[in-house]
Amino acid sequence: MPYEVGGKTIEADANGYLVNLDDWSKEVAEAIAASEEVTLSERAWEIIDYLREEYFTNNGNQPNERNMVKHFKSAWGDSSLNAKSLYEHFPRGPAKQASKIAGLPETKRKAGY
């Protein structure tokens, strides 16, 4: 399932995850998001940036939803934030769907807690 971005074909696996992590760019993220029917808000980009930073600076770490909620409660200063809040940005799962749009490998663990 390749993505067409700026006249270039970006290779993806059968589940839509990038084959080559170096192919990722914001334009590629927009193409993946469009295929997922997701609109990337400012907060969605913050989630994507967080996932990419965790992966590339923390030894391939891919936070689950529980850890994402903890992080964004602090980052956004919203003590009432919960997993449902993250699903508003990524309806098919903030850990998995956001990771796909962030150009990261598919996580093999369950999403939630």
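Helices (H or I, at least four residues) and strands (E, at least two) are DSSP runs, numbered from the N terminus. On that basis, the protein reads β-β-α-α-α-α-α along its sequence. The model is predicted: local features need pLDDT of at least 70 and side-chain atom pairs count only at pLDDT 80 or more, while totals for chains, interfaces and linings use all residues. Residues are numbered from 1 along each chain as its sequence is written, and side-chain values use heavy atoms, with hydrogens and water left out.

A nonpolar core is a set of buried Ala, Val, Leu, Ile, Met, Phe, Trp, Tyr and Cys residues joined through side-chain atoms within 4.5 Å. The largest one has 33 residues, and L40, I47, I48, F90 and I101 touch the most other members. Helix α2 supplies the largest share of this core, seven residues.

S99 is placed in helix α5 (residues 96-101). This serine is buried, with a relative accessible area of 3%. The side chain of S99 reaches the backbone oxygen of A95 at 2.6 Å.

The table lists contacts (heavy atoms within 4.5 Å), not counting residues up to four places away in sequence.

| Residue | Residues touched |
|---|---|
| S99 | Y17, L51, Q62, P94 and L104 |
| I48 | W24, L40, F90, A98, I101 and A102 |

How values were computed:
Buried < 20%, exposed > 50% of the residue type's maximum accessible area, 1.4 Å probe, protein only. Polar contact = N/O pair within 3.5 Å; in protein donor to acceptor, adjacent residues only side chain to side chain.
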